[in-house]
Amino acid sequence: MLDGRAGGGMPGRGVGSAGAAQLHPESTDRSVVPDEGAVTIAWHKVPYQEGGWADWKPDRKGHKEAYRQLLQPEGGDVFYVTGDRISPLPGWQEGAMMSAHYVAQQILGIMPLPVPEVVSVPDSVALTQGLS
């Protein structure tokens, strides 16, 4: 499965055939994603890889408090939490990248360390399963 063929076809070609090319047209440009360097994995076909994610409920006060707490650096500015679970897109790799970008901006002083009093909690079910 890790040989790049999980998406079907030649290594790297599975990106386009899996429908990702509609969202990311650059994935079909071999100068951007060369055949020899691309890997696709059909995670839904890999046993035990359905994984877990934070089951945030936007209407629950406790979830808003916990989400805000996770966004706030601890120990002044020495301990940060990052990952898809504390991003606008829990359950998605893009969410993990967004979270890392947010923390990097805090560390570099681009983003203020104090988190706003009111934060928006993502609807995990709607974002990962398309349900509300």
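**Exercise 1. Decide whether D55 is buried, partly exposed or exposed, then find its salt-bridge partner.**

Step 1. D55 has 41% relative accessibility. Buried means under 20% relative accessible area, exposed over 50%, and partly exposed in between (1.4 Å probe, protein chains only). D55 therefore counts as partly exposed.

Step 2. A salt bridge is a side-chain nitrogen of Lys or Arg within 4 Å of a carboxyl oxygen of Asp or Glu. The side chain of D55 meets that of K57 in such a bridge, at 3.0 Å from N to O.

Step 3. K57, at 22%, is partly exposed too.

A note on the source: this is a predicted model, where local features need pLDDT of at least 70 and side-chain atom pairs count only at pLDDT 80 or more, while totals for chains, interfaces and linings use all residues. Residues are numbered from 1 along each chain as its sequence is written, and side-chain values use heavy atoms, with hydrogens and water left out.

**Exercise 2. Work out how far apart K61 and E65 are in helix 3.**

Step 1. Helices (H or I, at least four residues) are DSSP runs, numbered from the N terminus.

Step 2. K61 and E65 are 4 residues apart in helix 3, so about one helical turn separates them.

Step 3. Their side chains form a salt bridge at 3.7 Å, N to O. K61 is exposed at 64%, and E65 is partly exposed at 48%.

**Exercise 3. Classify both partners of the salt bridge between R85 and D84.**

Step 1. Their N to O distance is 2.9 Å.

Step 2. R85, at 42%, is partly exposed, whereas D84, at 12%, is buried.

Note on methods. Helix = DSSP H or I, 4+ residues; strand = E, 2+ residues; numbered from the N terminus.
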